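The following exercises concern the structure shown below. Each consists of a task and a solution worked in steps.

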Amino acid sequence: MSTIETPPLPIRAARGLAVMLAAIALAGCVAPKPAPPPPPPPPPPPVVKCDPPREPQDLAARHLLATEDRLSALNTADLTAEAARPLEGASIEQQLDQALAMSRTHNPGDLARAQGVLEKVLHDNTPQADPWRSFARLLAYRLAEQKRAEDSAERNAAQLREAQRDNQRKLDDANAKLEALKAIERSLNTRQAPAASSPRS
């Protein structure tokens, strides 16, 4: 009967160590648990926008543009009422608003009244008028051009009416002369008719 040889002790110890190392290696291959996700970043601080202080002239320009838009949406009756407001005690701002309304009505005298209001603003030397003065000057120039155009159109219309009246007079004179010639012709025909119809002796 053969006996199984057992390996010497150092070899058995080496094998045990190898098995232990392999177990440790296999344990290291197990996937670790995932780390928890990082917390969300804090929201950004709110951005506070502070508009720079506006210059008085910038405010005046914005006001006049808004007034132009408002007046352009009015009907004729409302625009006329806007232009007819009393100016006594009105501020510079209200005076320019009314001048704009007057410039749009096309009513007789309103354009001249608007120019008078603007002249008053232009000659106002108070600090309150400073932001509005350049706009009053610009509007006065625009109204002067508008008045020149209206005056020119009125002159052309008057010349056209005069030419039409002159042509009508000439036409009436020609018709009168033609009627006179026709009357003479009828008179001659009336005189010749009895002579042509009398018997010969």
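**Exercise 1.** Determine the order of secondary-structure elements from the N terminus on.

*Solution.* From the N terminus, the elements run α-α-α-α-α-α. The chain accordingly has six helices and zero strands, where helices (H or I, at least four residues) and strands (E, at least two) are DSSP runs numbered from the N terminus. The model is predicted: local features need pLDDT of at least 70, side-chain atom pairs count only at pLDDT 80 or more, and totals for chains, interfaces and linings use all residues. Residues are numbered from 1 along each chain as its sequence is written, and side-chain values use heavy atoms, with hydrogens and water left out.

**Exercise 2.** Compare the span of helix H5 with the expected value, and locate its buried residues.

*Solution.* Step one: H5 (residues 110–122) has 13 residues and reaches 18 Å from first to last C-alpha, close to the expected 18 Å; the expected span is 1.5 Å times one less than the number of residues. Step two: the buried residues (under 20% relative accessible area, 1.4 Å probe, protein chains only) of H5 are Asp-110, Leu-111, Ala-114, Val-117, Leu-118, Val-121 and Leu-122. Step three: viewed down the axis of H5, these fall within an arc of 140°, so they line one face of the helix; the arc is that of the directions from the helix axis to the C-beta atoms.

**Exercise 3.** Which residues have the most contacts inside the largest nonpolar core?

*Solution.* A nonpolar core is a set of buried Ala, Val, Leu, Ile, Met, Phe, Trp, Tyr and Cys residues joined through side-chain atoms within 4.5 Å. The largest has 23 residues, and those with the most contacts inside it are Leu-96, Ala-99, Leu-118, Trp-132, Ala-136, Leu-139 and Leu-143. Helices H2 (56–72), H3 (76–83), H4 (92–105), H5 and H6 each supply at least two residues of this core. Not counting residues up to four places away in sequence, Leu-96 touches (heavy atoms within 4.5 Å) Leu-64, Leu-118, Val-121, Trp-132 and Ala-136.

**Exercise 4.** Is Gln-98 buried or exposed, and which backbone oxygen lies 2.3 Å from a polar atom of its side chain?

*Solution.* Gln-98 belongs to helix H4. Its relative accessible area is 5%, so Gln-98 is buried. The backbone oxygen in question is that of Arg-85. Beyond its neighbours within four places in sequence, Gln-98 is in contact with residues including Pro-86, Leu-87 and Arg-113.

Terms used
Buried means under 20% relative accessible area, exposed over 50%, partly exposed in between (1.4 Å probe, protein chains only). A polar contact is a pair of N or O atoms within 3.5 Å; within protein, one must be able to donate a hydrogen and the other to accept it, and residues adjacent in sequence count only if both atoms are side-chain atoms.
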